[in-house]
Amino acid sequence: MIQRPCAKINLGLNIVSKRPDGYHNLETVFYPINLNDEICIEPVLDKEITKYQCSLSIKGINIEGDLQQNLIVKAYNILKKYYPQIPNVNVTLTKNIPTQAGMGGGSSDCAYTIKMLNEMFNLKMSIKDMQSFAAKLGADCPFFKKSTAIIRNGHRRNIDTYRHQFEQI
């Protein structure tokens, strides 16, 4: 299965307050844009021997660090705990969204991985279920389940969103 996760931009950013845990409560508008990575997920054939349950390879923009710490692999691993019937997979990520740029590339890849695994292996998760798993992995991951413009108030798992109609930029 192949999907093309989109990037996002923040239209405005207001730091509302500092929280006791050191994080900040924010107000911002998340807006999806037409800049995409590409994820290809293929189940591992029974006879293939793999080192990892989720084997990730990268094309395009280089991602530094241990690939087993990538949000795609973390998304797979968290779902595998709850859905042990998910087979081992090979994932190829063609990275086009700049890393560490605040455009949500890793979060988008994570959210789309959850969506893809749900569809591929008939896990029967609702959007709310998928958003709940995504929220465990990143503050803006749940946004990418629907990828529609939203106003966001709060931080991390304490998210209040209000859907608004926006004209295309």
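## Salt bridges around Lys95

Lys95 pairs with Asp109 in a salt bridge whose closest N and O atoms are 3.2 Å apart. Here a salt bridge means a side-chain nitrogen of Lys or Arg within 4 Å of a carboxyl oxygen of Asp or Glu. We're working with a predicted model, where local features need pLDDT of at least 70, side-chain atom pairs count only at pLDDT 80 or more, and totals for chains, interfaces and linings use all residues. Residues are numbered from 1 along each chain as its sequence is written, and side-chain values use heavy atoms, with hydrogens and water left out.

**Exercise 1.** Work out which parts of the chain Lys95 and Asp109 link, and whether Asp109 is buried or exposed.

*Solution.* Start with the elements: Lys95 sits in strand 6 and Asp109 in helix 2 (residues 105-120), 14 residues apart. Helices (H or I, at least four residues) and strands (E, at least two) are DSSP runs, numbered from the N terminus. Next, accessibility: Asp109 has 3% relative accessibility, so it counts as buried. Buried is under 20% relative accessible area, exposed over 50%, partly exposed in between (1.4 Å probe, protein chains only).

**Exercise 2.** Find which residues join Lys95 in one network.

*Solution.* Lys95 also bridges to Asp37, with the closest N and O atoms 2.6 Å apart. Lys95 is in strand 6 (residues 89-95) and Asp37 in the loop between strand 3 (24-36) and strand 4, so this pair ties together parts 58 residues apart in sequence. Both Lys95 and Asp37 are buried.
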